[in-house]
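User: I would like to go through the terms used for this model and see what each one rests on. Please set the values against the definitions.

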Amino acid sequence: MDNEEHTSHTSDPEKGEGPGADGHDVGDGHETGDEHGTGKRDTDDGDSGTDNADSGTDDADSDPPPSDTATDALSSVRNSDEDLGEIASNEPDRDGDFDAGSRDRSSTDVDLDGVVLDDDDDNQGLFDDLLSGEPIFENKEVLRPSYTPHELPHRNDQINRMATILVSALRGETPSNILIYGKTGTGKTASAKFVSQELESTSQKYDVPCEVEYINCEVTDTQYRVLAQLANTFIEKNQRIISDRLERYRELEEAAADDPTALESTEFSSRESIRARIDRLREDAEEMEEVPMTGWPTDRVYTTFFDAVDYHERVVVIMLDEIDKLVEKSGDDTLYNLSRMNSELDNSRISIMGISNDLKFTDFLDPRVKSSLGEEEIVFPPYDANQLRDILQHRADIAFKVDALTDDVIPLCAAFAAQEHGDARRALDLLRTAGELAERSQAEIVAEKHVRQAQDKIELDRVVEVVRTLPTQSKIVLFAVILLEKNGVHNINTGEVFNIYKRLCEEIDADVLTQRRVTDLISELDMLGIVNAVVVSKGRYGRTKEMGLSVPVEETEAVLLSDSRLGDIENAQPFVQARFDN
């Protein structure tokens, strides 16, 4: 059936022509402009429904295939619908004809568009309000522990002493090993990194091969990991050196092909000798295999590191931060091997710089390691309040915008940090947190109240971290104390804690320690400041410990229940109640 036939059928529905005359649904009455079309179709549909009902039995019995005429009619209906869509899409300028019939719908569309546009203009996203205020910080990273400043107030003596020891590296000599001691936040790591950066920049200035490698032994805490990290670092550097040399030799070979005199001032006598050197460098690069983080024997890892560091001439300073953690975890084998390497190396030299918070960790070292490692010792004393104020002022000038701090903010931060052994890191964290709290509250300046809020927040964060890292048995003991406190028990004694502790261990299928050992765990919690325990004499009944919590109950309990084992305790209340009944 051609297109002319489709058009004629759809253009004269009132004359009964086209598929509509057979009772098939072509379109609604309002689409053709016939107001009576809808009513007529409803009647026809009702009649056809009756006819279908009457002939339902015949249809169920026989189900004949559709005739060719019915198939043609259905195809005609579909084609007619498609032609109607084409006609409507090709005549967009007939708004005047349809305006009266579709005014309500079109006007509704316009109103909705306006509402959507207004909504886009006025809608505020999640972060829009937070970004509306002026920022307080200019450079927040200055207040983080990872930042190494260009100037370290009140540490000039220690820095100069480190520099006088390490200057021999710039002469191609082996510097003495250095041990740096001091409490947390006394500027040990920042000063050592500052001197290391100066050493490397000066070595580049005078074209002296001197390198400093930093390792945090709190993370890299085994001999295998330390040696693997050093080996992979030097393998990567060696491959870059080989790549640079290969490029330079290829250029020289190309120049020699055009001009044989290009080799006169070089170490090569012919192009063949250049190609031989290129082949040897390629073999070296192929032999350099990176060390996996696990799986190799330790002696193979050590050999790989030894070959990598001795590949060409250089002086290497290995900075081991938190060196006591390495000794505590894996003994002094690593330090022994590193301190004895210089007697076997041909091209390079190694010096060790160890940084520790523990002044006594060398007591556990082998005497030979101790004598070679502690050739030079530097002690960093704690900062006092005035020194902390200078450090904070120096950092605040860079970190905050002008006039963003009230006059009492920096002295208060310094006073809080000086109360605890002069921790500069704590003072910087306090100042940064106070600025963040002020920014979140959309305050224009950082005030004293923000510092006090930051002090409370940091103290709570410290408690959460300490509780989270406790051993399981200590967590059970602490949980027993919390249950007793929540049930109104004051002046809790060791026997009461032990009774609840035993029931908790039975609930989670944990080993039950002796009461003496539980008393030791309570003493450890007291030392950490989580509980406050006092020995009380009961006369002829002996002595016992009475204790109470020194930390927030709800927050501490939430941290304990986040432990996978303690989280299995579904209802601790019956344990406590049963104990009181007994």
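**Terms and values**

Analyst: C217 counts as buried, because its relative accessibility is 0% and buried means under 20% relative accessible area (exposed is over 50%, partly exposed in between; 1.4 Å probe, protein chains only). This is a predicted model, in which local features need pLDDT of at least 70, side-chain atom pairs count only at pLDDT 80 or more, and totals for chains, interfaces and linings use all residues. Residues are numbered from 1 along each chain as its sequence is written, and side-chain values use heavy atoms, with hydrogens and water left out.

User: Why is C413 called buried?

Analyst: The relative accessible area of C413 is 0%, so C413 counts as buried.

User: How many disulfides does a search of the whole structure find?

Analyst: The search finds zero disulfides. A disulfide is a pair of cysteine sulfur atoms within 2.5 Å.

User: Why does D332 count as buried?

Analyst: D332 has 16% relative accessibility, so it counts as buried. D332 sits in the loop between α13 (323–330) and α14 (333–339); helices are DSSP runs of H or I with at least four residues, strands are runs of E with at least two, and both are numbered from the N terminus. Leaving aside neighbours within four places in sequence, D332 is in contact with F364, L365, D366 and V369, where contact means heavy atoms within 4.5 Å.

User: What makes strand β4 largely enclosed by the rest of the structure?

Analyst: Eight of the nine residues of β4 (residues 348–356) are buried, so the strand is largely enclosed by the rest of the structure.

User: How do you know which strands pair with β4?

Analyst: Two strands pair if DSSP finds at least two bridges between them. Strand β1 (residues 178–182) has four bridges to β4, and strand β3 (residues 314–321) has eight; both pairings are parallel. The bridge partner of I178 in β4 is M353, and that of L320 is G354.

User: Why are β2 and β5 called edge strands?

Analyst: The open sheet has five strands in the order β2-β3-β4-β1-β5, with parallel pairing. β2 (210–216) and β5 (376–380) each have a single partner strand, so one side of each is left without a neighbour in the sheet. For β5, β1 pairs with it over five bridges, and L179 stands opposite E377. Helix α9 (residues 188–205) packs on this sheet, touching β1, β2, β3, β4 and β5, and its direction makes about 155° with that of β2. Such angles run from 0 to 180 degrees between N-to-C directions, with axes fitted to C-alpha atoms, for helices over the stretch in contact.

User: What is the order of the open sheet of three strands?

Analyst: The order is β6-β8-β7, with antiparallel pairing. The edge strands β6 (492–493) and β7 (531–537) each pair on one side only. Seven bridges join β7 to β8 (residues 543–549).
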